[in-house]
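Please keep the sequence and the model in view while reading.

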Amino acid sequence: MWIEVTSADVAVSRYAISPLGEAVSALRLCAGQSEATGLTPWVTRARPVFEQLRRSVPAIDALLALQRRDAYNADFFQPPPDGTAREFADELALVRSTPLARARAELARNLAGHRTPPANARRIYESPTVVDQLADGIEAAWVTLVEPDWPRLRAVLERDLLHRAGRLLAYGWGAAVADLDPRLRWVPGPGVGYLDIDDRDPRTYPLSGRGMLFVPTVFGSLMCYVEQPGPYAIVYRAAGVAELLGPPDPARPVDALDRLVGRGRATVLRALTAPATTSQLVAQLGLSLGGVGDHLAVLREAGLVTRARVGRTVRYRRTSLGDALAENG
(Lines give C-alpha, C1' and ligand atoms only; values in the text may rest on other atoms or scores of the structure.)
Protein backbone atom coordinates (compact mmCIF):
# COMPACT_ATOMS: atom_id res chain seq x y z
CA MET A 1 0.00 0.00 0.00
CA TRP A 2 1.19 3.49 -0.86
CA ILE A 3 -0.15 6.67 0.71
CA GLU A 4 0.62 9.81 -1.29
CA VAL A 5 1.57 12.80 0.86
CA THR A 6 2.08 16.46 -0.08
CA SER A 7 3.46 19.37 1.96
CA ALA A 8 -0.12 20.55 2.55
CA ASP A 9 -0.82 17.37 4.51
CA VAL A 10 1.65 18.22 7.29
CA ALA A 11 -0.36 21.16 8.64
CA VAL A 12 -3.60 19.19 8.86
CA SER A 13 -2.20 15.87 10.10
CA ARG A 14 -2.95 15.13 13.72
CA TYR A 15 -2.54 12.62 16.52
CA ALA A 16 -5.22 11.05 18.68
CA ILE A 17 -5.76 8.36 21.31
CA SER A 18 -8.46 5.68 21.15
CA PRO A 19 -9.37 4.07 24.48
CA LEU A 20 -11.94 1.92 22.65
CA GLY A 21 -9.24 0.75 20.24
CA GLU A 22 -7.11 -0.28 23.21
CA ALA A 23 -10.00 -2.38 24.59
CA VAL A 24 -10.41 -4.28 21.32
CA SER A 25 -6.65 -4.73 20.93
CA ALA A 26 -6.33 -5.95 24.52
CA LEU A 27 -8.88 -8.68 23.75
CA ARG A 28 -6.89 -9.82 20.73
CA LEU A 29 -3.66 -9.78 22.70
CA CYS A 30 -5.11 -11.90 25.50
CA ALA A 31 -6.56 -14.33 22.94
CA GLY A 32 -3.15 -14.83 21.34
CA GLN A 33 -4.21 -13.22 18.05
CA SER A 34 -1.40 -10.65 18.28
CA GLU A 35 1.88 -10.13 20.07
CA ALA A 36 3.28 -7.17 21.99
CA THR A 37 6.92 -7.26 23.03
CA GLY A 38 7.34 -6.26 26.64
CA LEU A 39 3.76 -6.95 27.69
CA THR A 40 4.13 -10.59 28.68
CA PRO A 41 3.74 -9.75 32.40
CA TRP A 42 0.51 -7.88 31.68
CA VAL A 43 -0.87 -10.71 29.53
CA THR A 44 0.00 -13.27 32.20
CA ARG A 45 -1.81 -11.19 34.82
CA ALA A 46 -4.81 -10.44 32.58
CA ARG A 47 -5.39 -13.85 31.01
CA PRO A 48 -7.38 -15.45 33.88
CA VAL A 49 -9.65 -12.39 33.92
CA PHE A 50 -9.94 -12.59 30.13
CA GLU A 51 -10.92 -16.27 30.23
CA GLN A 52 -13.64 -15.51 32.75
CA LEU A 53 -14.83 -12.65 30.58
CA ARG A 54 -14.91 -14.93 27.55
CA ARG A 55 -17.08 -17.46 29.38
CA SER A 56 -19.55 -14.89 30.69
CA VAL A 57 -19.91 -12.54 27.67
CA PRO A 58 -20.75 -14.35 24.37
CA ALA A 59 -19.95 -11.25 22.31
CA ILE A 60 -16.25 -11.63 23.15
CA ASP A 61 -15.91 -14.67 20.88
CA ALA A 62 -17.95 -12.86 18.22
CA LEU A 63 -15.50 -9.95 18.29
CA LEU A 64 -12.45 -12.23 18.18
CA ALA A 65 -13.84 -14.34 15.31
CA LEU A 66 -13.78 -11.27 13.06
CA GLN A 67 -10.04 -10.69 13.34
CA ARG A 68 -8.17 -10.99 10.03
CA ARG A 69 -4.56 -10.29 9.11
CA ASP A 70 -3.85 -8.38 5.91
CA ALA A 71 -7.53 -8.36 5.00
CA TYR A 72 -10.59 -6.25 5.64
CA ASN A 73 -11.80 -5.89 9.23
CA ALA A 74 -15.14 -4.23 9.93
CA ASP A 75 -14.63 -0.59 10.88
CA PHE A 76 -17.85 0.18 12.74
CA PHE A 77 -16.89 -1.42 16.06
CA GLN A 78 -13.31 -0.09 16.04
CA PRO A 79 -13.46 3.25 14.21
CA PRO A 80 -10.43 5.54 14.16
CA PRO A 81 -10.74 8.49 16.57
CA ASP A 82 -11.71 11.75 14.93
CA GLY A 83 -8.80 13.74 16.31
CA THR A 84 -10.68 15.25 19.25
CA ALA A 85 -10.20 14.33 22.89
CA ARG A 86 -12.85 11.62 23.17
CA GLU A 87 -13.33 9.43 26.21
CA PHE A 88 -14.22 5.74 26.01
CA ALA A 89 -17.93 6.49 26.57
CA ASP A 90 -17.95 8.89 23.60
CA GLU A 91 -16.36 6.32 21.30
CA LEU A 92 -18.71 3.59 22.48
CA ALA A 93 -21.73 5.83 21.84
CA LEU A 94 -20.48 6.28 18.28
CA VAL A 95 -20.31 2.49 17.85
CA ARG A 96 -23.83 2.05 19.24
CA SER A 97 -25.16 4.61 16.75
CA THR A 98 -24.10 2.47 13.77
CA PRO A 99 -27.08 1.76 11.46
CA LEU A 100 -27.90 -1.93 11.29
CA ALA A 101 -27.60 -1.98 7.49
CA ARG A 102 -24.05 -0.64 7.64
CA ALA A 103 -23.07 -3.13 10.34
CA ARG A 104 -24.45 -6.05 8.33
CA ALA A 105 -22.66 -4.92 5.16
CA GLU A 106 -19.31 -4.56 6.95
CA LEU A 107 -19.71 -7.90 8.73
CA ALA A 108 -20.50 -9.65 5.44
CA ARG A 109 -17.41 -8.14 3.84
CA ASN A 110 -15.31 -9.04 6.89
CA LEU A 111 -16.47 -12.67 6.86
CA ALA A 112 -16.20 -13.21 3.08
CA GLY A 113 -13.52 -15.82 2.51
CA HIS A 114 -12.82 -15.98 6.24
CA ARG A 115 -12.97 -19.09 8.38
CA THR A 116 -16.44 -20.14 9.53
CA PRO A 117 -17.15 -18.43 12.87
CA PRO A 118 -18.43 -20.41 15.88
CA ALA A 119 -22.19 -20.97 16.10
CA ASN A 120 -22.60 -18.56 19.03
CA ALA A 121 -20.81 -15.85 17.05
CA ARG A 122 -23.00 -16.45 13.97
CA ARG A 123 -26.12 -16.05 16.09
CA ILE A 124 -24.88 -12.65 17.23
CA TYR A 125 -24.01 -11.52 13.68
CA GLU A 126 -27.50 -12.49 12.52
CA SER A 127 -29.27 -10.81 15.43
CA PRO A 128 -31.06 -7.45 14.96
CA THR A 129 -29.22 -6.33 18.11
CA VAL A 130 -25.76 -7.22 16.76
CA VAL A 131 -24.45 -3.66 17.13
CA ASP A 132 -25.43 -3.38 20.79
CA GLN A 133 -24.19 -6.90 21.58
CA LEU A 134 -20.75 -6.21 20.10
CA ALA A 135 -20.68 -2.84 21.88
CA ASP A 136 -21.53 -4.61 25.15
CA GLY A 137 -18.58 -6.93 24.59
CA ILE A 138 -16.21 -4.02 24.00
CA GLU A 139 -17.51 -2.27 27.11
CA ALA A 140 -16.94 -5.42 29.19
CA ALA A 141 -13.38 -5.67 27.83
CA TRP A 142 -12.75 -2.02 28.70
CA VAL A 143 -14.04 -2.29 32.27
CA THR A 144 -12.28 -5.59 32.96
CA LEU A 145 -8.97 -5.38 31.09
CA VAL A 146 -8.10 -1.77 30.32
CA GLU A 147 -9.77 0.70 32.65
CA PRO A 148 -7.87 -0.40 35.80
CA ASP A 149 -4.56 0.42 34.06
CA TRP A 150 -5.80 3.36 32.00
CA PRO A 151 -3.93 6.16 33.86
CA ARG A 152 -0.61 4.46 33.08
CA LEU A 153 -1.66 3.48 29.58
CA ARG A 154 -2.81 7.01 28.80
CA ALA A 155 0.45 8.46 30.13
CA VAL A 156 2.45 6.36 27.68
CA LEU A 157 0.16 7.21 24.76
CA GLU A 158 0.04 10.95 25.48
CA ARG A 159 3.80 11.09 25.85
CA ASP A 160 4.32 9.39 22.50
CA LEU A 161 1.67 11.61 20.91
CA LEU A 162 3.44 14.80 21.95
CA HIS A 163 6.81 13.45 20.88
CA ARG A 164 5.67 12.39 17.42
CA ALA A 165 3.64 15.53 16.76
CA GLY A 166 6.68 17.65 17.60
CA ARG A 167 8.88 15.67 15.22
CA LEU A 168 6.35 15.97 12.40
CA LEU A 169 6.05 19.74 12.72
CA ALA A 170 9.77 20.34 13.28
CA TYR A 171 11.37 17.89 10.86
CA GLY A 172 8.69 16.62 8.48
CA TRP A 173 7.34 13.23 7.49
CA GLY A 174 10.63 11.36 7.31
CA ALA A 175 11.45 12.04 10.96
CA ALA A 176 7.89 11.46 12.14
CA VAL A 177 7.56 7.97 10.66
CA ALA A 178 11.20 6.85 10.74
CA ASP A 179 10.74 4.26 13.49
CA LEU A 180 6.97 3.79 13.66
CA ASP A 181 7.11 0.21 12.42
CA PRO A 182 9.53 -1.95 10.40
CA ARG A 183 6.80 -2.49 7.79
CA LEU A 184 6.47 1.24 7.09
CA ARG A 185 8.98 3.48 5.34
CA TRP A 186 9.03 7.02 4.00
CA VAL A 187 9.85 7.51 0.32
CA PRO A 188 10.62 11.20 -0.38
CA GLY A 189 10.00 12.82 -3.72
CA PRO A 190 9.89 16.25 -5.34
CA GLY A 191 6.73 17.89 -4.03
CA VAL A 192 5.15 14.51 -3.23
CA GLY A 193 6.25 11.78 -0.86
CA TYR A 194 4.89 8.36 -0.08
CA LEU A 195 4.28 6.20 2.95
CA ASP A 196 5.15 2.69 1.76
CA ILE A 197 3.34 0.12 3.94
CA ASP A 198 4.27 -3.52 3.50
CA ASP A 199 0.95 -5.31 3.07
CA ARG A 200 -1.06 -7.05 0.35
CA ASP A 201 -2.83 -3.94 -0.93
CA PRO A 202 -1.08 -2.69 -4.11
CA ARG A 203 -3.12 0.51 -4.43
CA THR A 204 -2.06 4.13 -3.89
CA TYR A 205 -4.20 6.41 -1.73
CA PRO A 206 -3.65 10.19 -2.10
CA LEU A 207 -4.24 12.25 1.04
CA SER A 208 -5.02 15.26 -1.19
CA GLY A 209 -4.54 17.79 1.58
CA ARG A 210 -6.69 15.95 4.14
CA GLY A 211 -3.71 14.90 6.25
CA MET A 212 -3.10 11.72 8.19
CA LEU A 213 -4.35 10.72 11.63
CA PHE A 214 -1.69 8.97 13.73
CA VAL A 215 -2.97 6.80 16.59
CA PRO A 216 -0.45 5.37 19.08
CA THR A 217 -1.38 2.08 20.73
CA VAL A 218 -0.11 0.01 23.64
CA PHE A 219 -1.88 -3.28 23.00
CA GLY A 220 -2.23 -3.12 19.22
CA SER A 221 0.09 -3.16 16.22
CA LEU A 222 0.35 -1.50 12.82
CA MET A 223 -3.08 -0.97 11.27
CA CYS A 224 -4.22 1.34 8.47
CA TYR A 225 -7.59 2.97 7.83
CA VAL A 226 -8.12 3.94 4.20
CA GLU A 227 -11.88 3.46 3.88
CA GLN A 228 -13.78 6.63 3.05
CA PRO A 229 -15.46 8.82 4.22
CA GLY A 230 -13.51 8.23 7.45
CA PRO A 231 -10.06 9.78 8.00
CA TYR A 232 -6.91 8.18 6.69
CA ALA A 233 -5.27 6.81 9.82
CA ILE A 234 -2.29 4.74 10.91
CA VAL A 235 -2.30 2.91 14.23
CA TYR A 236 1.26 2.27 15.42
CA ARG A 237 2.98 0.90 18.51
CA ALA A 238 3.79 3.65 21.03
CA ALA A 239 7.33 4.03 22.33
CA GLY A 240 7.95 3.14 25.95
CA VAL A 241 5.55 0.20 26.09
CA ALA A 242 8.16 -2.12 27.58
CA GLU A 243 8.32 0.15 30.65
CA LEU A 244 4.54 0.36 30.93
CA LEU A 245 3.94 -1.84 33.93
CA GLY A 246 5.74 0.37 36.41
CA PRO A 247 8.73 -0.24 38.65
CA PRO A 248 10.66 -3.46 38.08
CA ASP A 249 9.73 -6.54 40.02
CA PRO A 250 11.60 -6.41 43.37
CA ALA A 251 12.93 -9.88 42.57
CA ARG A 252 14.63 -8.64 39.40
CA PRO A 253 18.41 -8.83 39.76
CA VAL A 254 20.13 -5.49 40.29
CA ASP A 255 21.95 -4.41 37.13
CA ALA A 256 24.76 -1.95 36.46
CA LEU A 257 22.45 1.05 36.00
CA ASP A 258 20.69 0.31 39.32
CA ARG A 259 24.06 0.19 41.10
CA LEU A 260 25.26 3.37 39.41
CA VAL A 261 22.31 5.71 40.01
CA GLY A 262 20.03 3.79 42.39
CA ARG A 263 17.05 1.62 41.56
CA GLY A 264 14.42 4.38 41.76
CA ARG A 265 16.33 6.79 39.56
CA ALA A 266 17.13 3.96 37.12
CA THR A 267 13.40 3.23 36.87
CA VAL A 268 12.63 6.86 36.00
CA LEU A 269 15.50 7.06 33.51
CA ARG A 270 14.39 3.89 31.72
CA ALA A 271 10.80 5.19 31.56
CA LEU A 272 11.91 8.29 29.62
CA THR A 273 11.95 6.47 26.29
CA ALA A 274 10.09 9.52 24.99
CA PRO A 275 9.70 12.94 26.68
CA ALA A 276 7.29 12.99 29.63
CA THR A 277 5.97 15.32 32.30
CA THR A 278 6.33 14.59 36.00
CA SER A 279 2.63 13.76 36.29
CA GLN A 280 2.83 11.37 33.36
CA LEU A 281 5.71 9.54 34.99
CA VAL A 282 3.79 9.37 38.27
CA ALA A 283 0.79 7.83 36.50
CA GLN A 284 2.91 5.43 34.49
CA LEU A 285 5.20 4.21 37.26
CA GLY A 286 2.90 4.33 40.27
CA LEU A 287 5.45 6.33 42.27
CA SER A 288 4.79 9.39 44.41
CA LEU A 289 4.96 12.89 42.95
CA GLY A 290 7.69 13.87 45.37
CA GLY A 291 9.70 10.75 44.66
CA VAL A 292 9.61 11.23 40.89
CA GLY A 293 10.45 14.92 41.30
CA ASP A 294 13.47 14.13 43.48
CA HIS A 295 14.73 11.50 41.04
CA LEU A 296 14.36 13.88 38.09
CA ALA A 297 16.26 16.61 39.93
CA VAL A 298 19.22 14.30 40.60
CA LEU A 299 19.20 12.92 37.05
CA ARG A 300 19.12 16.45 35.68
CA GLU A 301 22.04 17.55 37.86
CA ALA A 302 23.98 14.52 36.61
CA GLY A 303 23.37 15.50 32.99
CA LEU A 304 21.23 12.43 32.25
CA VAL A 305 17.97 14.29 31.59
CA THR A 306 17.02 17.77 30.50
CA ARG A 307 13.76 19.66 30.67
CA ALA A 308 11.89 22.07 28.42
CA ARG A 309 8.67 24.04 28.83
CA VAL A 310 5.95 23.35 26.26
CA GLY A 311 2.99 25.64 26.83
CA ARG A 312 1.99 25.22 30.47
CA THR A 313 3.80 21.93 30.97
CA VAL A 314 7.41 20.96 31.58
CA ARG A 315 8.61 17.85 29.79
CA TYR A 316 11.70 15.84 30.65
CA ARG A 317 13.77 13.94 28.14
CA ARG A 318 16.93 11.89 28.31
CA THR A 319 20.19 13.37 27.09
CA SER A 320 22.45 11.36 24.79
CA LEU A 321 24.35 10.22 27.90
CA GLY A 322 21.07 9.23 29.54
CA ASP A 323 20.09 7.27 26.44
CA ALA A 324 23.40 5.42 26.44
CA LEU A 325 23.09 4.45 30.10
CA ALA A 326 19.42 3.45 29.90
CA GLU A 327 19.81 1.37 26.78
CA ASN A 328 23.05 -0.36 27.76
CA GLY A 329 22.71 -0.47 31.56
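**Helix packing, cores and sheets**

Helix α2 (residues 19–30) packs against helix α3 (residues 40–56) at an angle of about 95°, and their axes lie 9 Å apart. Here axes are lines fitted to C-alpha atoms, for helices over the stretch in contact, and angles run from 0 to 180 degrees between N-to-C directions. α2 is therefore roughly perpendicular to α3, a class that covers 65 to 115 degrees, whereas angles under 35 count as roughly parallel, over 145 as roughly antiparallel and the rest as oblique. Helices (H or I, at least four residues) and strands (E, at least two) are DSSP runs, numbered from the N terminus.

The model is predicted: local features need pLDDT of at least 70, side-chain atom pairs count only at pLDDT 80 or more, and totals for chains, interfaces and linings use all residues. Residues are numbered from 1 along each chain as its sequence is written, and side-chain values use heavy atoms, with hydrogens and water left out.

From α2, Ala26, Leu27, Leu29 and Cys30 meet Trp42, Val43, Ala46, Arg47, Phe50 and Leu53 of α3, where contact means heavy atoms within 4.5 Å. The residues of this contact comprise nine nonpolar, no polar and one charged. In this division Ala, Val, Leu, Ile, Met, Phe, Trp, Tyr, Cys and Pro count as nonpolar, Asp, Glu, Lys and Arg as charged, and the others, Gly among them, as polar.

Trp42 also belongs to the largest nonpolar core, which has 75 residues; Trp42, Leu145 and Trp173 touch the most other members. Helix α8 (residues 130–146) gives the most to this core, with ten residues. Such a core is a set of buried Ala, Val, Leu, Ile, Met, Phe, Trp, Tyr and Cys residues joined through side-chain atoms within 4.5 Å. Buried means under 20% relative accessible area, exposed over 50%, and partly exposed in between (1.4 Å probe, protein chains only). Not counting residues up to four places away in sequence, the contacts of Trp173 include Val5, Leu168, Trp186, Met212 and Phe214. Another core, of 17 residues, lies apart from the largest one and includes Ala271, Leu296, Val305 and Tyr316.

Four strands form an open, mixed sheet in the order β2-β6-β8-β7. Its edge strands, β2 (14–15) and β7 (223–225), each pair on one side only. β2 runs parallel to β6 (residues 213–217), joined by two bridges, and Tyr15 stands opposite Phe214.

Strands β3 (residues 184–187) and β4 (residues 192–197) are antiparallel and share four bridges. Val187 has Tyr194 as its bridge partner. Four residues separate the strands of this hairpin, and Gly191 takes a positive phi near 85°.

Two bridges link β9 to β11 (residues 313–318); Ala276 stands opposite Tyr316, and Thr277 has Arg315 as its bridge partner. Arg315 is also the bridge partner of Ala308, within the antiparallel pairing of β10 and β11, which has six bridges. These two strands form a hairpin with two residues between them, and Gly311 in the turn has a positive phi of about 65°.

Key:
Two strands pair if DSSP finds at least two bridges between them.
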